[in-house]
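The exercises below are to be worked with the sequence and the coordinates open side by side. Each task is followed by a solution in steps.

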Amino acid sequence: MSAETSEPVIQVNNLSKVYRDFWGRKKVRAVNSLTLDVKKGEVFGLLGPNGSGKTTTIKMLLGLLFPTEGEIKILGQNASDVRKNERIGYLPEESYLYRFLNADETLDFYGRLFNLPAKVRKQRTDELLSLVKVEHARRRQLKEYSKGMTRRIGLAQALINDPDLILLDEPTSGLDPLGNRDMKDLILKLKGMGKTILMCSHLLADVQDVCDRIAILYGGELKVLGRVDELLKQKGATQITAPTLTPEAIAEVEAVLKKHGVNQVQVDNPRSDLEDLFLRTVQESREHPGRRIAP
Amino acid sequence: MSFDPVAFSLWPAVLVWLQVVGVSLALALVVGFGGAVASHGFRGFGVAFGEIVAGFRDLFSLSLGRIYALAKLTFLEAIRRKALLVFVVFAILFMFAGWFITDTGQKAALQVKVHVIFVTWTLSTLSLVVVMLLACWGIPEDIRVRSIHTVVTKPARRLEIVLGRILGFSGIATVVLAVMASVGYVWLNRQVPPESQSELTCRRPIYGAISFLDRTGDPAKFGINVGDTWMFRSYIEGSSKARAIWNFPGVSASSLDADENLQLESRFQAFRSHKGTMDRQLLYRFEFVNPEKELRVPYKLMEVAEFIGSTETVPRKIRPDGGVKEYDLINDLVDSKGNLQVEVSCVDPGQYLGMARPDLFIRTPDAPFLAGYFKSVVGIWLMLLLVVILGVSASTFVKGPVATLLTFCIVVIGQVFRELLDKVAKGTQEGGGLFESIYRLIAHMNPTTPVPDGLATQVMKTVDRGLENLLWVFRQILPDFSYFNMAPYIANGFDVPFDAAVLPSIVVVMAYFIPCVIIAYYSLRLRELEAK
């Protein structure tokens, strides 16, 4: 069953959130009449600049904030119903973990909240620490962790219950490019396992890499909603990619295009992005220590 | 000893508790439904009802595993945040306290009293401060740093969070107190001078009911007041028909010591209206009475041992005034219901003997000091549990500093100002209520001078009565911390009575546990867990 046709895991209908001050006076309308669905098995991205209402929306989905208006159904239950949390994993914007615990204790604690048996907790802890690559620091208290490591252990706690729905708030924030790549690979791996993922971010490249559908919020309002590949398709241009051509071949191609009335032709070597360059550099440095990498 | 252990009446207390909780619950429902309707319109009825149903659902789906996990987290948090540094303060106090409080020149009983009071005061104060701070800051700090977000987005119910926190902080309180109490016990045994060690004991008294006869032999509610402002003791006149009559319940052969003697301990006070005989103390006499058999058996004359008390060893076989007839204390003088009646009379004419209910008791075989000490520590532990319950509950709706202040005020009022609050709430405090007192201050009137009549006075008194009623309500919901202070018992060499001290302490903790947990649960449930 494709994501388009499958049942919605999250249904948000006309959702609004108004923050008020101590006297009940309206301070700001953080989310305004938001309506959207997230389908089973898709990776859905919530995009927007700072203050656009992404985190507020996620917190309302989780029942941490109460909507001023509108309805939320998440896995068929109300957002305020704690039973829905049995099937949810949540990675907060900052990894708000208990910094006095070590990695083992952290995962054991969250596993206990799901009433996982001791054997399962131990097994899941080992698996997840391996998955997020912090096995070597499992006995260290989280206060000694770097931001990236804390982020990884935050992700591990979100997956402790093998959730059906995973909500990731700025999942790549604080990660180095390697960690960033790992996180995106992991998101795709989870998608491959049939999980539904809702992530919010303002790092557009990350979203573009992993999301099936996106919604762009601005000022608390939904501005764009659709499939990433559809939304990014440039309908007024055609791109042809070929192995490196000789100058003569390029001239011939330009002549053919001119014959068909195309006068504005841009011919150049395609560029990879900085992330690719960085990852290649690190990879080659690992394989050949001490050697300078040719650009 | 100037305290009077009175057995706690459990069922009347339960009845009052049901009334107070019932009325509070009804008020909470009215406010809850009213608030829901005000914010949601008629749909509010459904919203409010849904919250009540959710509360029951959460109650019946409690998970001991999750509560344990949260309790363990709380315990680890306290330990890793250096809460146990309190032991350093404790150690410093105990290392040097001996220099200042040990005085071998004092009476043995007083030396023991000073040492015991120091230890129990240190235990309760240090542990109270630590536990109060931990309990009041746990949840607000969790909300401030948002670590609670990773908990409430798991299947953890708000009720489990509250219970887990309470359990965890109670665990810390238990560990802190157990360690300090053990050290305190060893310290006491080593620090009290050897010649005073005999006073480290645990008397187990059987108290009786007291009644009086006046100088003409007629029943009276009290004896004579010889001019004390606080009339703890009543006085009986010497060489008259005035008597103080004690009725001791539950007396049997097991009340006797190993040598078949009955130990009667008394702490009477003398009031002399003339010099009298200077080479001896006032004389008094016991008379054992069995009304069923119409037996009256006088016992020998004795001298009052003022301020130190005396223990009279009454043999099981009594032969009054060297006569031939011998009476068996248990078989002849204890009535069929197990009551022993003892009449006390003062012999010296024109002199007075003062006594209160606890001034005469049957001293059954003593228990080891450790038994009383342990109960006293249990009293402190119960107080800490109550502080944890109050602190955690307060911390669910206010921030840490405010929760600490609120809990501190409840403890101080419940411990120190409860008597004053009682008087003001009942309108028996000299000088009137709030506005009358302010008026007296401004007008430089002393508290006993009547305020001039007039319309303003009427208004003032009416407002004060309203405030007194408010205070009465306030008083009803404030816990009585006096029960938890069991130190006076062991400091005076007595066992801690279960029915007068331990039972009410347990009942007070349980009485506050249920309503506080309900308040804390709904406070957490109905608020957005977002740091602001």
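**Exercise 1.** How many residues does the contact take from chain A, and how many from chain B?

*Solution.* The model is a predicted one, and in it the contact takes 23 residues from chain A and 24 residues from chain B. Turning next to the elements involved, β6 (88-91) and α2 of chain A each supply at least two residues of the side of chain A that touches chain B. Of these, α2(A) gives the most, with 4 residues.

**Exercise 2.** Which elements of chain A have the lowest and the highest mean pLDDT?

*Solution.* For chain A as a whole, the mean pLDDT is 86, and 94% of its residues reach 70 or more. Among its elements, helix α9 (residues 274-287) of chain A has the lowest mean, 71, whereas helix α2 (residues 103-113) of chain A has the highest, 96. Where pLDDT is low, the predicted coordinates should not be read in detail.

**Exercise 3.** In what order do the 4 strands of the open sheet in chain B lie?

*Solution.* The order is β1-β15-β6-β10 (chain B), with antiparallel pairing. The edges are formed by β1 (201-207) and β10 (310-315) of chain B, each of which pairs on one side only. Neighbouring strands of this sheet are turned by 45° against each other on average, direction ignored. Strand β6 (residues 261-266) of chain B pairs with β10(B) over 6 bridges, and N261(B) has P315(B) as its bridge partner in β10(B). Finally, helix α8 (residues 369-395) of chain B packs on the sheet, touching β1 and β15 (360-368) of chain B, and the direction of this helix makes about 95° with that of β15(B).

Terms used:
Residues numbered from 1 in each chain as written. Chains lettered and ligands numbered in written order. Predicted model: local features only at pLDDT ≥ 70, side-chain atom pairs only at ≥ 80, totals over all residues. pLDDT = per-residue confidence, 0-100. Contact = placed C-beta atoms within 7 Å. Pairing = 2+ DSSP bridges. Axes fitted to C-alpha atoms, helices over the stretch in contact; angles between N-to-C directions.
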